[in-house]
Amino acid sequence: MKCRACNKDIVPFFSLGMMPLVNSFLKKKQLPREKKYNLSLSFCPSCYLVQLNKTVPPEELFRNYIYFSSTSSKFLEHCRKTANYLTRRFRLHSSSLVLEVASNDGAQLQYFKKLGIPVLGIDPAQNIAKIANAKGIRTIPEFFNFKFAQILSREKKIQADLVFGANVLAHVPEIVDFVKGIKCILKSTGSAVFEFPYVAGLFENKFDTIYHEHVFYYSLLALRNLFLQAHLIIYDVELTEMQGGSLRIFVSHPNVFPVTRYVTRMLARERKADFNDIHLYHHIKTNIEKLRSDILRTLTALKKEGKTIAAYSAPAKGNVLLNYFGIGSNYLDFIVDKSKAKQELYAPGTHLLINPPTKIYKKNPDYLLILCWNIADEVMEEYKNYHTKGGKFIIPIPQLKII
Ligand SMILES: [Zn+2]
């Protein structure tokens, strides 16, 4: 197998086996025809990029995608702060342009728009782009790539002062073509800002970011090599709390901004921690196997005591955990999710019917397994009453905790 970024040989290190598409919720009649795909990771010893061995065609993954950014209030707060911060930092104004790649339902762009800055979203999911346009966030339903960037730049004369992308860097299999597209659409003095889960999370048991949509798991070392292929420079980096630990990188054409000491330090830290060495990546499997046996032992004991357990929310990551650990109706009495788009549908792989969260108060399960563990605080606050009445929370990641 060859690296998707540099075309050298890659080395496999972790397999989750055959897994369903974790954002593809199913109608009852679709259940018998659900497809599963190989899900396994490799490391490139030449450019240090961690990547999926096999990808699923984006058309299959994203055309009827059920993920609305705007469902988590913590996420929306992050978007608001991000818009304020980037607007100040780059002195954006009424004649700037913020272009977001994979803009989803406009959750991020709406806050730039509120600040009076013109925005343009690009998102391949037609159903979601339609919702964004209806909210007044101009969104083109397309895949972003070099060819499309050329059309925007040459024919439509669109150049962005700020290109923004949350999670998209991990999603695009043709990643070199994608970053060349960024080079093409970015104004000579502009910045591109990307947020994505940091590969370091895999060493802290946050393995549930591994699913078919996430083709890449980035270290700064790997990213630097990637952007150099398009003659772009990473000049700044920040760690954020999103998705349980993400990086935010700042990219520009060469010699526009000085490279900050944060970049130099993080690169040095990654080298010291052996992020450029395959041996480090082999630990991931051992750690996850241990977490799996801890969680299954606990759930088995609770079931033996006759306790009822419900799962709270069915995010993609939660479906990874349930499927890889083999947790379904064997342990769970039911599952709920806030998103109306998911309710009345069946969860991928486990085929559990998604209920509205009101069922928690109706059924009062003894335990609530929080699958969106990265926003566990938000959930526990919302379900304070459930806890006061004796209900308990199970937080599975990064370490199993019962509260
Ligand atoms: Zn490579």
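Domain bounds, as I use them this morning, come from an automatic or database domain assignment, and on that basis the protein chain is divided into domain 1, residues 61–273, and domain 2, residues 295–402. The centres of domain 1 and domain 2, taken over C-alpha atoms, are separated by 31 Å. The contact between them, where contact means heavy atoms within 4.5 Å, takes 15 residues from domain 1 and 18 residues from domain 2.

Before going further, a word on the basis. This is a predicted model, in which local features need pLDDT of at least 70 and side-chain atom pairs count only at pLDDT 80 or more, while totals for chains, interfaces and linings use all residues. Residues are numbered from 1 along each chain as its sequence is written, and side-chain values use heavy atoms, with hydrogens and water left out.

Let me turn to the chain as a whole. It holds 14 helices and 17 strands, these being DSSP runs numbered from the N terminus, with helices as H or I of at least four residues and strands as E of at least two. The radius of gyration, taken over C-alpha atoms, is 21 Å, close to the 22 Å that the globule rule gives for 403 residues, so the chain is as compact as a globular protein of that length; the rule itself is 2.2 Å times the number of residues to the power 0.38. Along the principal axes, the C-alpha atoms fill a box of roughly 65 × 50 × 40 Å. Of the contacts with a separation of 6 or more, 69% are accounted for by residues 24 or more positions apart.

As for burial, I call a residue buried under 20% relative accessible area, exposed over 50%, and partly exposed in between, with a 1.4 Å probe and protein chains only. Buried residues make up 57% of the 403 residues. Helix α7, residues 175–185, is mostly covered, with 8 of its 11 residues buried, among them I175, F178, I182 and I185. An α-helix has 3.6 residues a turn, so residues three or four places apart point the same way.

Now to some local backbone features. Most residues other than glycine have a negative phi, and most peptide bonds are trans. The peptide bond from I397 to P398 is cis, with omega near 0 degrees, and P398 lies in the loop between β16 (392–395) and β17 (401–402).

I will finish with N225, which is in helix α8, residues 220–228, and which counts as partly exposed because its relative accessibility is 24%. Which residues does N225 touch, if we do not count those up to four places away in sequence? They are C47 and Y48. Between N225 and Y48 there are 177 residues of sequence separation, and in space the two are 8.5 Å apart, C-alpha to C-alpha.
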